[in-house]
Structure formats: structure tokens, C-alpha cells
Amino acid sequence: MEADAQLVQECLRGEGPAWEELVRRHTRRVFNLCYRFTGNATEAEDLSQEVFLRIYKTLASYKPAFGAFPTWLTSVTRNLLVDNYRRTRRDRQTDSIDDSMPQLEEKHSSARAPDKLAEAMELSVQLQRGLARLSPELRESVILRDLQGLEYNEIQAVLQVPEGTVKSRINRGRIELARILTEMGVRPS
Amino acid sequence: MDWNCAFAEERLSDYLDGKLSPAEAAAFSAHSAGCANCAQTVALVSDLVNRMHKMEMVEEPPHLVARILDATLGPRAQKAGWKGWFDWVPMLWQPRFAMGLATVAALLVVVSYTVGLTPAKLRKADLSPTNVFRSANRQVHLTYARGAKFVNDLRVVYEIQSKLQPEPEPLPVSNPAPAPNQEHNSQPPNTTPQQKSQTTPPPSRTQVRSGTMFAFLLTESLADSLAENSINGSTRSTR
């Protein structure tokens with residue numbers, strides 16, 4: 001598989017297939033980050049498109065020496081999410097998070113028992129409701145660490161805050177989310 | 001260092017992510033073992049983190065990639081000419097379509113075998129609608145006839161079995177008093193072992209049943225042949 005940096009160079013030379021490959025490779029990651037942060041699939045879809053538009057326009061500013069392409073992509077996504085959060089703060093309705101729920105990925109679910117799949121779907125919805133009740137700072141930290149699987153230094157690069165702050169936010173976010181889910185009646189597995 | 005609840009909570013993620021030194025981890029475990037509140041918090045957060053790590057990504061809408069490409073590269077030109085006709089072919093490689101196709105193929109094979117169309121014996125003429133209908137019609141009638149024969153055979157078997165049922169054994173009488181007229185036939189109590197060996201053992205139950213069945217079949221066949229002979233004889237005499 002061709003490296004992201006190589007694909008970026010090809011994109012800058014105006015090769016359309018390289019850009020298509022980059023989009024196909026990273027759409028799910030961007031969409032998931034947007035969906036987990038906003039809790040709305042339609043909004044996440046619009047934001048994902050906006051992220052790639054921004055990436056496409058500013059691709060020349062990406063320098064591999066400053067970090068991996070996914071980290072840069074996540075950073076752009078996060079900045080756009082924060083902008084969107086501030087812009088829509090007034091008319092946001094956090095209780096409409098489960099409209100147009102996307103399906104869980106079917107890669108592994110086809111071999112699963114239906115009850116397990118239903119359980120996973122229910123947990124996904126409840127987690128989304130719990131995340132919506134966290135502050136944006138704690139929410140983004142938990143999403144990046146536990147749902148996107150980023151390391152602490154990558155999160156630090158994305159959020160542009162000291163490592164201590166990253167650790168503190170992740171820790172507080174996890175504890176608060178666990179308490180919220182317990183209040184919601186989610187039982188430990 | 002003295003670990004209190006606030007400090008343990010502050011280091012909880014470091015503990016779960018394995019970022020504490022062995023001494024710190026031991027101190028953390030010791031504190032949470034002695035504190036019910038901290039133990040509960042550790043259990044809840046640990047469970048949540050594990051579940052989130054196992055959670056699968058949500059699937060993006062299928063049209064999202066095309067939408068992004070259209071927004072960035074502009075609407076892409078459709079393939080012109082005959083190349084455009086085969087745009088749907090790559091979709092067949094997706095698991096859901098492949099599974100559907102396999103199911104339909106299996107169904108067709110089952111149906112073709114049911115109507116008597118085996119691939120080895122298949123000829124071009126078998127594919128004409130008239131022949132397909134005739135074949136299916138014949139297969140349906142054959143299946144019906146086989147079913148009817150099976151039911152009739154089953155009825156005969158049950159009839160024979162019901163006639164061969166052994167008679168219920170008499171209930172044992174408590175303290176049987178020897179009847180005066182049976183004393184003569186009964187075995188004397190002081191028979192010698194040689195005399196005992198000469199007497200034949202009573203037949204077993206299965207032997208009795210098979211013997212009864214044989215006798216019944218013999219009687220039936222004899223009765224049939226006698227009836228046939230009598231009919232033949234009467235016809236001869238009338239002639």
C-alpha cells in the first residue's frame with residue numbers, strides 16, 4: 001500500500017486517483033470522529049465533506065516532517081468540529097442525537113449472533129448519549145483516545161495543549177462518562 | 001506516598017493505561033483494595049474503557065465518498081459507451097451480493113433436481129417450456145403416487161401388527177391353590193435332574209410372536225388359495 005505522504009505528493013502534482021485513494025482510506029475515520037462528537041449522522045456527513053474540502057485546499061501546507069498525515073487530518077477535523085460547535089451552540093439540541101443512526105460496521109458483525117449485535121448497537125447509542133453530556137474538551141479527548149485509538153503525544157499534537165492537560169482531560173472524561181452511563185442504567189459487562 | 005481517594009482518582013487513567021511504575025501500581029492497588037468507593041470507580045471506568053476499545057467503527061453512508069469526490073474534484077464524467085454498461089460488475093464482489101447470488105444459485109439447483117433436470121443429462125430440448133412443464137408435472141405425479149403407496153403400505157403393516165398383538169397375560173393369582181384336576185398334569189416336586197434336563201424349556205416371547213406371525217401369514221395364504229381354488233372349481237363345474 002502506498003504511503004499517505006506519497007499520495008499527497010501525487011495529489012499536489014494533480015493526479016486525481018491519488019486523491020480518490022486518500023479520501024477512500026480516511027473517510028471512515030473522519031466520519032466517525034465527526035459522528036461521535038456531534039451525535040448526528042447527517043451533520044457528521046456534512047462535516048466530513050467540509051473537512052476534505054479544507055484538506056484539499058490546504059494540502060500544499062502539509063509537511064510530513066511535522067507529523068503523520070492522519071494526525072494532521074485529525075487536527076483539521078477537530079478544529080472544524082470546534083468551530084462548528086461554537087457556531088451552532090445556540091440552536092443545538094443534544095436530545096436528537098440518535099436520529100438517522102448509522103449501522104455498525106458489518107465487517108465483523110456478520111459472524112456475530114443477533115443478540116450480541118443488538119447489544120453492541122444499544123451500547124453504541126447509550127455511549128453517544130453519554131458523550132453528548134460531557135463538555136466538548138473532555139468529549140474530544142475521550143473520543144480521540146478511546147474511540148480513535150490515538151496515543152497521548154498524537155492527541156497532544158491534535159489539541160495543541162500540554163501533555164499533562166491531555167492526561168487530565170482523558171482521566172476526567174472517562175470517570176465522568178462512567179458515572180453518566182451508570183446513572184443512565186448501563187450495567188457493566 | 002500516602003494515597004488518598006483524590007490522588008488515586010487523579011492517577012486512574014495512568015493505572016489503566018499501564019503508565020504507573022510498579023511501586024505506584026502496587027500502592028494504587030493497595031488503596032483501591034481497601035476503599036469501596038475507589039474500587040467501584042476503578043471497576044466502572046476499566047469496564048467502560050475496555051468496551052470502548054472493543055467498539056467497532058460506525059459505517060459511513062455509502063454515498064459519502066462519491067459526494068466528497070464530487071465536491072473536491074468536480075462531478076466525474078460517466079463512462080461512455082459499452083464500458084458504462086459494466087459499472088455494476090464490481091458491486092458483485094461485495095460479500096452481501098456474493099451471498100445473495102450463491103443463495104439464488106443453490107435454490108435453482110434444488111429446483112432443477114426436484115423437477116428432474118440434472119445437469120449431466122441436460123439436453124437443449126429439455127429447456128423448452130413445454131418439456132419443462134411436462135417434466136415438472138410428471139415429477140409431481142410420481143411424488144404423489146409414491147406418497148400414496150407409502151401410506152397404503154403403512155396401513156397394511158399396522159393392520160398385521162394389530163392382529164399379531166399378543167394376548168394379555170393372565171394376572172398372577174396370589175396363593176394359588178392347586179386344583180384337584182391339575183395335580184395329575186403338574187410336575188411332581190421330587191423330579192430328578194435328569195428328568196428336568198429332558199423337559200424342553202418354554203419358548204421365548206419373540207419366538208411365540210414370530211411363530212404366530214408365520215402361522216397367521218400361512219393361514220391367510222391358505223385361505224386365499226382355497227378361496228381361489230373354490231372359485232376355479234365352481235367356474236369349472238358351471239362349465
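**Helix α2 of chain A and its partners**

Reply: In this predicted model, the crossing of α2(A) and α3(A) is right-handed. The two helices, of which α3(A) covers residues 41–57, pack at an angle of about 135°, and their axes lie 8 Å apart. Angles over 145 degrees would count as roughly antiparallel, and the angle here therefore makes α2(A) oblique to α3(A). On the side of α2(A), the residues that take part are A:V23, A:T27, A:V30, A:F31, A:C34, A:Y35 and A:T38, and they meet A:A41, A:E43, A:A44, A:L47, A:S48, A:V51 and A:F52 of α3(A). Sorted by class, this contact of α2(A) with α3(A) consists of 10 nonpolar, three polar and one charged residues.

The other partner to consider is helix α4 of chain A, made of residues 69–87, which packs with helix α2 (residues 16–38) at an angle of about 30°, with 11 Å between their axes. Since angles under 35 degrees count as roughly parallel, α2(A) and α4(A) are therefore described as roughly parallel to each other. Here, too, α2(A) passes its partner α4(A) in a right-handed crossing. The contact is formed by A:H26, A:R29, A:V30, A:L33, A:C34 and A:F37 from α2(A), together with A:P70, A:L73, A:T74, A:T77 and A:L81 from α4(A). By class, the contact between α2(A) and α4(A) holds seven nonpolar, three polar and one charged residues.

If you read the two contacts side by side, you will find A:V30 and A:C34 of α2(A) in both, in the one with α3(A) and in the one with α4(A).

Methods: Residues numbered from 1 in each chain as written. Chains lettered and ligands numbered in written order. Predicted model: local features only at pLDDT ≥ 70, side-chain atom pairs only at ≥ 80, totals over all residues. Axes fitted to C-alpha atoms, helices over the stretch in contact; angles between N-to-C directions. Helix = DSSP H or I, 4+ residues; strand = E, 2+ residues; numbered from the N terminus. Parallel < 35°, antiparallel > 145°, perpendicular 65-115°, else oblique. Left-handed = near helix turned anticlockwise from the far one by under 90°. Contact = placed C-beta atoms within 7 Å. Nonpolar A, V, L, I, M, F, W, Y, C, P; charged D, E, K, R; others polar.
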